[in-house]
Amino acid sequence: MNDTSEMKDVFQTYLSSMDDLTRVCAVPDSHSKVWKDECMFCYCDSECDGGLYINMKTFQGFCSKHLALDQEKHPGALYLIEKTTKTPKNVVQEEKTKVDKMAIGVPGGFDVSDGQEFDISKDHVIFASSLDARLGLDREVLPDLVIASAEAIKGHESVSNQTSLESWEEERKISKYAESLELLPCNRKVPMDPKEWKCDETGVTDNLWLNLSTGHIGSGRPQWDGTGGNGAAMRHYESTGKKYPLVVKLGTITPGGADVYSYASDEDDMVLDPKLGDHLAHWGINMMKMEKTDKTVAELQIERNLSFEFDAITEAGATLEPLSGKGFVGLKNLGNSCYINSTLQLLWNLPELQEKYLSREETLYKSSQSNPAYDFITQFTKVGAALASDSQGCLANPKQCVSPWMLKKLCGMRHPEFATCQQQDAQEFLSFLIDQVAREEHGNKDRIGDANFENNFKMGLQTRIQCQESHRTSYKSEQSTCLSLEIPIDSAINAHEVETHLRDIKRQKKSDDVVLPKIALKSCFERLAEPEELTDYFSACLNKRTKAIKTVKIDKFPKYLILHMRRYYVDETWTPKKLDVKLDVPEQLSLEEFRAHEPKADELLQPEEPSDDVNSDLLQQLVAMGFDASQSKNALLSTGNSDINAAMEFILTNGTAEGDFSEESTQSLVSMGFTAEQAKEALKQCDGNVERAVDWLFSHPNGVEHTLNGDSSNVSDYELCGFVSHIGKNTSSGHYVCHLKKDGMWVIYNDEKVAKSENPPTEFGYMYLYKQKK
């Protein structure tokens, strides 16, 4: 680029002729957002050919390909072009350290980076779109406002705030019991010599825990695989009234700390004890003179759980063939964002989604709101376009990994839990994402087309309840986009092998093999359809509560079946736990035996309304006052059927009269693409609350209770096309990995890394995606 005298004159004349330079130029302050990481519509950044064009008024960045979209909205705009050059440093790669921490992307944890370092240089010029001309930052030619704007943009922190760590690490919190921990009078001194330690109850000499309040030494709790201790430390805690919760693992004590556990029901986890030195000194242990003689809990987890499960799920140890090109683009981990990455890979692998959004990509971008960063459809499509492309960026800077940070930021604005850098539940995010797409489609039909993407996942579950006294039945069908299945641990197909393994461990027979219960996926469906006895069922025909039998079956088979396996649960103390099992998951799945059927011709059905005789006079008075007949009847039956004032109060407290729905409420729902009839029914069902009515409409797409639709032509045969696995003790920590089947080949998507899968770990799936056969 040549800053000739003629070009300087042209720039100077052009800028000085403007009546109001602030129309195209502003100086960002500390509250401004500068979007200079990448193009608003793709993942080209300042390293790409031509650099990144940053609008000097809106501070939004665009690549040369999408610059015209911004110029249409901002004619005559000025841009600061930033061009970045990265040169690899000649740095000797350090030898990887041993993994000794339950973490990812932090020292001592599993490494997720490539370790490459660069020298970085940036060049800047001003681009006047009306002139189609460029000029360097010449203070003699450019007005002070332009110079000030350019310098401020250069120095301003980008919105993405790239200090976010690509990491996951198990967090230990300070125990709330540590500060004022009760210490009983010292009636013993714990020896400093580990050889003298033994369990006070059983005499065992390994896996010993010292109660910091009582001085009792007990054996640790047994683990899921039969290893660990005999539980003496826990029994002591319970036998002393559960008043002394903190224990420390002897053998892990060093001057730098130790493993401390809290048995308290509201903690029940590894914790930190800021006063550990004082508490140990009370029992005669000088923390500063201790040396580590036993494995920490983290080390045991790595050996027992992580090395087994993590290696299996991420296929560590296998020589995986890296894949690149169309459909094999990775997603950058933004700090505990693997739940987002895995879900996005799973969804955008569907041809229906690609065909609908990517075929009109440029149209969607052109119709985006003034700030594309806040337009959900734009950012959602941007990610999909990147994953389906040959590569992102220019030919000089091809990328096989992109960062979905704009979409993550937008999701966080709509759901506070997704705004944090904490790990979240991938199943919850998948449901959220499908729901958000459905809402956008309903509200933007002119832009997006028919609202039909969510229908690909909608399945119908029929609940049949038969009264045990009258033998009459009732049917109800509900729709869902995800089927959550219980894992029946008592149905293990290798129960004998598991029992033998546990007996061998108790007999101290050493084995490197880990034997987990193996449950067939079919058993999970059988548990779903298993008859359940109800002891408090209200029988409408008898007008009383009695016993009944409930069964659940499938009355609508979706095109794509999403299965959520309940591997994680909350125990009686509200502590998150994990069910360590393998699942026997077939690639070909038939669900015909779980198909629901219409009521039989001779089957007696429950009446829709209770058989009580409603006071007709009072009912007529309520209806004449403008209240809905069904609401009035329910109110009279709920308040004794004799007091009109009590019935009115019941309606006003628990429901809104149909005539009270405002035209504004109805129209707000109609504007989202629903019919007036659907809107009124939703408002009626939700007492006039518009926000609740929106949720009701999305879960009842026809505006009325979903009716039986068991279709004999509805195919019940499926083929596995993807699954998401999770590593960690609960869904709020750990790591997610996605596996997809592409053209008959399994592919692993582990954040940035994409490779051919040698041994897809289908047995460890947390979510499975099946496609209906044609």
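**Strand pairing, packing and salt bridges in a predicted model**

In the hairpin formed by β9 and β10, five residues lie between the strands, and Gly215 adopts a positive phi near 80°. Strands and helices are DSSP runs numbered from the N terminus (E, at least two residues, for strands; H or I, at least four, for helices). The structure is a predicted model, in which local features need pLDDT of at least 70 and side-chain atom pairs count only at pLDDT 80 or more, while totals for chains, interfaces and linings use all residues. Residues are numbered from 1 along each chain as its sequence is written, and side-chain values use heavy atoms, with hydrogens and water left out.

Two strands are taken to pair if DSSP finds at least two bridges between them. From β9, Leu208 and Leu210 point one way and Trp209 and Asn211 the other way, and all are buried. Buried denotes under 20% relative accessible area, exposed over 50%, and partly exposed the range in between (1.4 Å probe, protein chains only).

At the level of the whole chain, 21 helices and 31 strands are assigned. Of the 774 residues, 49% count as buried. The chain exposes about 37400 Å², of which carbon and sulfur atoms supply 47%; accessible areas come from the Shrake-Rupley method with a 1.4 Å probe, and for residues only the protein chains shown count as cover. Among contacts (heavy atoms within 4.5 Å) between residues at least 6 apart in sequence, 71% join residues at least 24 apart.

An open sheet of five strands has the order β2-β1-β3-β5-β6, with antiparallel pairing. Its edge strands are β2 (61–62) and β6 (133–136), each of which pairs on one side only. Two bridges join the antiparallel strands β1 and β2, and Ile54 has Gly61 as its bridge partner in β2. Helix α1 packs on the sheet, where α1 touches β3 (78–88), β5 (118–128) and β6, and the direction of α1 makes about 100° with that of β6. Helix α3 lies across β1, β3 and β5, and runs at about 35° to β3. For these angles, axes are lines fitted to C-alpha atoms, for helices over the stretch in contact, and angles run from 0 to 180 degrees between N-to-C directions.

Side chains of opposite charge can pair when their charged atoms come close. A search of the whole structure finds 32 salt bridges, each defined as a side-chain nitrogen of Lys or Arg within 4 Å of a carboxyl oxygen of Asp or Glu. One of them links Lys382 to Glu38, with the closest N and O atoms 2.8 Å apart. Lys382 belongs to helix α10 (residues 376–388) and Glu38 to the loop between α1 (5–16) and β1 (52–55), so this pair ties together parts that are 344 residues apart in sequence. Both Lys382 and Glu38 are buried.

Glu151 is partly exposed at 32% relative accessibility, and Lys154 is partly exposed at 31%. In a further salt bridge, the closest N and O atoms of Glu592 and Arg595 are 2.9 Å apart. Glu592 is partly exposed, with a relative accessible area of 40%, whereas Arg595 is buried, with a value of 8%. Elsewhere, salt bridges that share partners join Glu486, Asp490, Arg527 and Glu530 into one network.

Arg447 is located in helix α13 (residues 445–448) and is buried, with a relative accessible area of 15%. The side chain of Arg447 reaches the backbone oxygen of Leu364 at 2.8 Å and makes a polar contact with the side chain of Asp375 at 3.0 Å. A polar contact is a pair of N or O atoms within 3.5 Å; within protein, one must be able to donate a hydrogen and the other to accept it, and residues adjacent in sequence count only if both atoms are side-chain atoms. With neighbours within four places in sequence left aside, the residues in contact with Arg447 are Arg360, Leu364, Ser367, Ser368, Asp375, Ile377 and Thr378.
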